[in-house]
Amino acid sequence: MISLKTVRIGSVAETPEIFDVAGGDFGGKLMVTRRAGRAVREALAERLEALPKGGVLHVDTRGVELMDYSFADESLGVLVSRVAGGEYGERYLVLVEEDRDMLENVEASLRQRSLAMTRVDEVGGEPAIVGSIPDHLSDTLQAIMDAGSITNADLAKKLGLNHTACNNRATRLAKLGLIHRKVESASPGGRQYTYERIA
Amino acid sequence: MSGVLTLGTLDPAFEAASRVAGEPVALDLRSVEFVEPAGICGLAALLEFLIPRSEEVSLALAGRDVPAYLERMNFFRLFGDRVRTNADVASLEERQRHNPGTLQELVKFQTEEEIPGVVRRISEILENQGYRLRERVAICSTLSEICANAAEHGASEDGFGAFATVQAYNHIVSGARRRGEEVLVAIADGGVGIRKTLSRNEKHAEHTTTDNDAIRHALKMGVSGSGELGRGGGLTLVAQISGRAGGSLSLRSGSGRVTAYHDRKNSRTVPDFPGTFVRVSLPRHLETAPQEKSSR
């Protein structure tokens, strides 16, 4: 029997793709209005589309002092909803931001859209979630994040779920853009799913 | 007119304005001793309504302080050539303006593009006043959301756009017997108002019977005219931010006026007037002063 249990697999891109929101020509430290949000979203979308399949774009907002709800919704809310809608294929977004007040607006936008995104304090930091995911998916996501990379069989065992239920949950998380789902062939003639965290 | 020019004290004038049909109008503000931002924005919107409907609008002011403050707030730069006034505006304009760094002059805007500039200026004022980043973020994101609403909804056919003004005080203006500091944000637009905006969307039908119903509904998360997902969050967050600070968010639209505090909302019916008026009170360092100290 071949075990696909692996050590943690690094992200596809060798050098992380980082988009410094405050560094661009969008308003510097002050990000307000939907208009500005749209401009940032379009620039982010362009970078996202240029990534290889499985690629991760880190959206670094740490240099931003002020972000209002409209900006947060128009830039991140809309983009995350498009990622979850499959518009960018298997390309992912990770928010690089510390746990501070400004996150409230991102959180509010994503919650209203019943969406979530992965957040890290710094590139390579421990992932957390901003926004909302259904309760029953939280444990699944946490288990995948803890493992770094895990097969469906191992994950099902860990969570005490049957393989189908486990696969359904992980597939949903992959669709939301919160994990990466890989299909590999496994003996005998079957398919083995592996889930990886994206940050 | 009482001693303080607020949105509420303008209600009799709003009521009378609807009856104006070409004749000259005299606005008597001689009893006004103190003007708060919502009063200036309200007066500006009232004048925008009256000027095209009246042969001549005149403004009577008393004393030196109120005309000087209005001048400092750029009021006469916006209206000086459109209304007649007994105030000696020329002499006020000649004075050396000191910059107290605590106010945003009355500014008229029509598009979203102008908003970051206004917000940046307010952020600087607050920084000068020693407001921490966290407080500035709360205040400025409040301001930008309301300005964005005003720019979006205020640009109706005969609308004048929107007015905004901000003043930081070293004392509490709203309510009594409390010590602390306060920032007042006021914005007024000449748009169709909250009820009409929400009425465009059928799903709000049962919440748009009265202006007060519509305003209360608009304060809920996710309620917007377009009904698009993600919209309608700004106002809700503004109410939360002001409520948490111990302040309030007050909305006047049509014949409704709702004030939201952290634990309650008060509604009252006011004279019908076009547009939407927003007043946000953001106190800090609040302290409920004991009765005996309240006169200090």
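**Exercise 1. Describe the lining of the largest pocket by residue class, by position and by element.**

The residues that line the largest pocket divide into twelve nonpolar, twelve polar and eight charged, where Ala, Val, Leu, Ile, Met, Phe, Trp, Tyr, Cys and Pro count as nonpolar, Asp, Glu, Lys and Arg as charged, and the others, Gly among them, as polar. This is a predicted model, in which local features need pLDDT of at least 70 and side-chain atom pairs count only at pLDDT 80 or more, whereas totals for chains, interfaces and linings use all residues. Residues are numbered from 1 along each chain as its sequence is written, chains are lettered from A and ligands numbered from 1 in the order in which they are written, and side-chain values use heavy atoms, with hydrogens and water left out.

Step 1 is the volume. The largest pocket holds about 590 Å³ of space, and of its 32 lining residues the closest to the centre are B:Asn149, B:Glu152, B:His153, B:Ser224 and B:Gly232. On a 1 Å grid over the protein atoms alone, a pocket is an open set of points with protein on both sides within 12 Å along at least five of seven lines, a cavity is a set where a 1.4 Å probe fits but cannot get out, and lining residues have an atom within 4 Å of a point. Grid points are joined across faces, edges and corners, and a volume is the space filled by probe spheres set on the points.

Step 2 is the elements, which are DSSP runs numbered from the N terminus (helices H or I, at least four residues; strands E, at least two). At least two lining residues come from each of H1 (34-49) and H2 (69-84) of chain A, and from each of helices H7 (133-154), H8 (194-199) and H10 (234-244) and strand E10 (265-288) of chain B. The largest share, eight residues, belongs to H7(B).

**Exercise 2. Find the cavities and compare what lines them.**

Step 1 is the count: there are two cavities of 30 Å³ or more.

Step 2 takes the largest cavity, whose lining consists of A:Val80, A:Val83, A:Leu93, A:Ala116, A:Met117, A:Leu176, A:Gly177 and A:Leu178. H2 and strand E6 (116-120) of chain A are the elements that give two or more of these residues. By class, the lining of the largest cavity has seven nonpolar residues, one polar and no charged.

Step 3 takes the second largest cavity, whose lining includes A:Asp68, A:Tyr69 and A:Asn105 as well as B:Ser141, B:Thr142 and B:Glu145. Here H10(B) gives the largest share, four residues, and the lining divides into four nonpolar, four polar and two charged residues.

**Exercise 3. Characterise the interface between chain A and chain B.**

Step 1 is contact, meaning heavy atoms within 4.5 Å: 24 residues of chain B are in contact with 21 residues of chain A.

Step 2 is area, since the size of an interface is often given as the accessible area lost when the parts come together. The two chains bury about 2,000 Å² between them, 55% of it on carbon and sulfur atoms, buried area being the accessible area (1.4 Å probe) that two parts lose on being put together, summed over both. B:Glu112, B:Leu229 and B:Gly230 supply 24% of the area that chain B buries against chain A, more than any other three residues.

Step 3 is salt bridges (a side-chain nitrogen of Lys or Arg within 4 Å of a carboxyl oxygen of Asp or Glu), of which four lie between chain B and chain A. One joins B:Arg134 to A:Asp101 at 2.6 Å, N to O. Another pairs A:Glu104 with B:Arg244, the closest N and O atoms being 3.2 Å apart, and runs from helix H3 of chain A to helix H10 of chain B.

**Exercise 4. Is A:Gln112 buried or exposed, and which residues does A:Gln112 touch?**

Step 1 places A:Gln112 in helix H3 (residues 103-112) of chain A. A:Gln112 counts as buried because its relative accessibility is 17%, with buried meaning under 20%, exposed over 50% and partly exposed in between (1.4 Å probe, protein chains only).
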